[in-house]
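Q: Could you take me through one part of this model in detail? I'd like a close look at a single helix and what surrounds it.

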Amino acid sequence: MSEPVSPSEAEPTEPTPEPRREPVFNLPPVVLAVIGICAAVYLLQQYVLNDEQQMTLLYDGAFIPVLYTGQYGFDWFLFTRPFTYAFMHGGFAHIAINMVWLAAFGSPLANRLGALRFALFFAVTGLASVALFWAVHPYGEAPLVGASGSISGMMGAAARFGFRTDRSAGKAAFAGPVLPIAIVWRLRGVGIFLAVWMIINLATGLLGFAPGIDGQIAWEAHIGGFVAGFFGLRWFDRRWQSPEWETTDHHT
């Protein structure tokens, strides 16, 4: 003998979808490409090239300030060195630290800007880094290598978002509009970050101390990239929106 069934029991219930898990390494392709190029160049330097070839690559690929004073004539690498230097690194600790920071700050920025604009941002902030480095050391003969100038630019961009991220789309991305500079200065978290970042850069650069990294730290390049990223972000942001504290209703 069957028992009566209530309507709620008779209706089939849909299975509850499992929450989507965000992968551990959710890096945009353009960030993976930069990491891949840096890793390939490092492995080439360490395990493929002989000493003479390494010196040739360093001379043609690194940024050497004195070459831009006109004392050594002209070569076509003068146009490429301000960009290729960012893909070269001086040691394992150097490239490892830079790639970790690139993944942390570059991923949300790349998701926000898109691949092309991110690549342009990387190039422009890297160029700003060597520009300030050359202005301070125009006759310097030591080669400058490393992506930290562009990564500092990404940190500057992060500050303009107040370090806000939006994971609703399943991947990290900076959220909201680009904050006006006056607002950024009043955010306590951003102010603390900027102060700590500046102190660390000046300390490691002027004192010449960085665990596991040989050679002098180019703090000038870091500051040049940071300033370019901080003040120039709006030129690259494709999703700029008017901040909620701004109004289009003007009264005379």
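A: Happy to! Since this is a predicted model, let's begin with confidence: the mean pLDDT is lowest in helix H1 (residues 7-10), at 48, and highest in helix H4 (residues 77-84), at 97. Across the protein the mean pLDDT is 83, with 79% of residues reaching 70 or more. Please be careful with two stretches where pLDDT stays under 50: residues 19-24, with seven contacts beyond four places in sequence, and residues 242-252, with eight such contacts.

Now for the helix itself, H5, which covers residues 92-113. At 1.5 Å a residue, its 22 residues should span 32 Å, and the end C-alpha atoms lie 29 Å apart, so the two values agree. H5 is bent by about 40 degrees at Gly-106, and Pro-108 follows within four residues. Just after the helix, Gly-114 has a positive phi of about 95 degrees.

In soluble globular proteins, nonpolar side chains tend to be buried together.

Phe-121 shows how these pieces meet. Leaving out residues up to four places away in sequence, Phe-121 touches Leu-109 and Leu-113, along with Gly-153, Met-154, Ala-157, Gly-229, Leu-233 and Phe-236.

Definitions and conventions: Residues numbered from 1 in each chain as written. Predicted model: local features only at pLDDT ≥ 70, side-chain atom pairs only at ≥ 80, totals over all residues. Heavy atoms only, no water. Helix = DSSP H or I, 4+ residues; strand = E, 2+ residues; numbered from the N terminus. Expected span 1.5 Å × (residues − 1). Bend = angle between axes of the 7 residues up to and from the residue. Contact = heavy atoms within 4.5 Å. pLDDT = per-residue confidence, 0-100.
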